[in-house]
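Here is a short tour of one model, with an annotated domain, an aromatic pair and a helix contact as its stops. Please keep the viewer open as you read.

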Amino acid sequence: MTTRVALVGGTGKLGQIIHAVIDDLEGFEVSRVLTSSSDLSEIDGADLVVDASTPQISIDVVRAAVERGMNVLVATSGWSAERIALVRPLVEAAGTGAVFIPNFSLGSVLGTALAAAAAPFFGSAEIVEAHHESKIDSPSGTAVRTAELIAAARAEQGPVSAPHADQRARGQQVGSVPIHSLRRPGVVAKQEVILSGPGESLTFTHDTVEPAKAYAPGIRLALPFALHAEGVVVGLENMIDIGIRS
């Protein structure tokens, strides 16, 4: 049986990549393509909703899917732990599944996991992320997720040291970790996690060079997982065993 996918935001950059992956994936087909201005009732009749819309309407997409008893795969950026907490009770009450993927790149997932594993050994952590100038949200969902995992990994040690955090130039703090966002032409996506301790520092850098090639393996993993998921799941790391524990 073929899984019918309602793809919201299917005309955007990421939406087009997801569409191409689905076209080549056995057992899945895009039955509906919605733009960010479409009536969400158009998802009716699909087996799975994939959201690649905008941060402003993404929460409406999730709610619309959950209200209809449909599972949803969220590829839209801008979902922090606090925002996910708003829809978690709805997902659990409906008995559906909502899968949030901050980044489909396997390299990005590995970089974040390595940084979180190393974070308890360093008192300072900062994130610098850069994206193309048309990205409308900051900090990126990947950076937010990385900061949240670093904070969780340091539960016993406590918050990282972030002096002068009251100054705007020190970045936005997520889980005590300062995040600095760059939006400029000539870059696709790049993240640096800089961990510092007495007399040394350790930097984890991930570059996305060709999005279609970088994201396709993760999208192929996420689609069947999201179709059968139960409850709220965050992160591609739940679909692969990368052998790293923080």
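## The annotated domain

UniProt, in an unreviewed entry, places the feature "domain: Dihydrodipicolinate reductase N-terminal" at residues 4-104. Bear in mind that the model you are viewing is predicted. In this model, the span of residues 4-104 is 38% helix and 24% strand, and its end C-alpha atoms lie 21 Å apart.

## One aromatic pair

How many aromatic pairs does a search of the whole structure find? The search finds one. Its partners are Trp-79 and Phe-100, with ring centres 4.8 Å apart and planes at 55°, so the pair is tilted.

Trp-79 belongs to the loop between β4 (71-74) and α3 (81-94), while Phe-100 is in strand β5 (residues 97-100), so the pair ties together parts that are 21 residues apart in sequence.

## Helix α4 against helix α5

Next, turn to helix α4 (residues 106-118) and helix α5 (residues 141-153), whose axes come within 8 Å and cross at roughly 30°. Because angles under 35 degrees count as roughly parallel, α4 is roughly parallel to α5. The crossing in which α4 passes α5 is right-handed.

Which residues make the contact? From α4 come Ser-108, Thr-112, Ala-115 and Ala-116, and from α5 come Thr-142, Thr-146, Leu-149, Ile-150 and Ala-153. Sorted by class, the contact of α4 with α5 has five nonpolar and four polar residues, with no charged ones.

Technical notes:
Residues are numbered from 1 along each chain as its sequence is written. This is a predicted model: local features need pLDDT of at least 70, side-chain atom pairs count only at pLDDT 80 or more; totals for chains, interfaces and linings use all residues. Side-chain values use heavy atoms; hydrogens and water are left out. Axes are lines fitted to C-alpha atoms, for helices over the stretch in contact, and angles run from 0 to 180 degrees between N-to-C directions. Helices (H or I, at least four residues) and strands (E, at least two) are DSSP runs, numbered from the N terminus. Angles under 35 degrees count as roughly parallel, over 145 as roughly antiparallel, 65 to 115 as roughly perpendicular and the rest as oblique. A crossing is left-handed if the near helix is turned anticlockwise from the far one by less than a right angle, and right-handed if clockwise. Contact means heavy atoms within 4.5 Å. Ala, Val, Leu, Ile, Met, Phe, Trp, Tyr, Cys and Pro count as nonpolar, Asp, Glu, Lys and Arg as charged, and the others, Gly among them, as polar. UniProt positions are given in the numbering used here, feature names are shortened, and annotations may be inferred rather than shown by experiment. Rings of Phe, Tyr and Trp (its six-membered ring) pair if their centres lie within 6.5 Å; planes under 30 degrees apart count as stacked, over 60 as edge-to-face and the rest as tilted.
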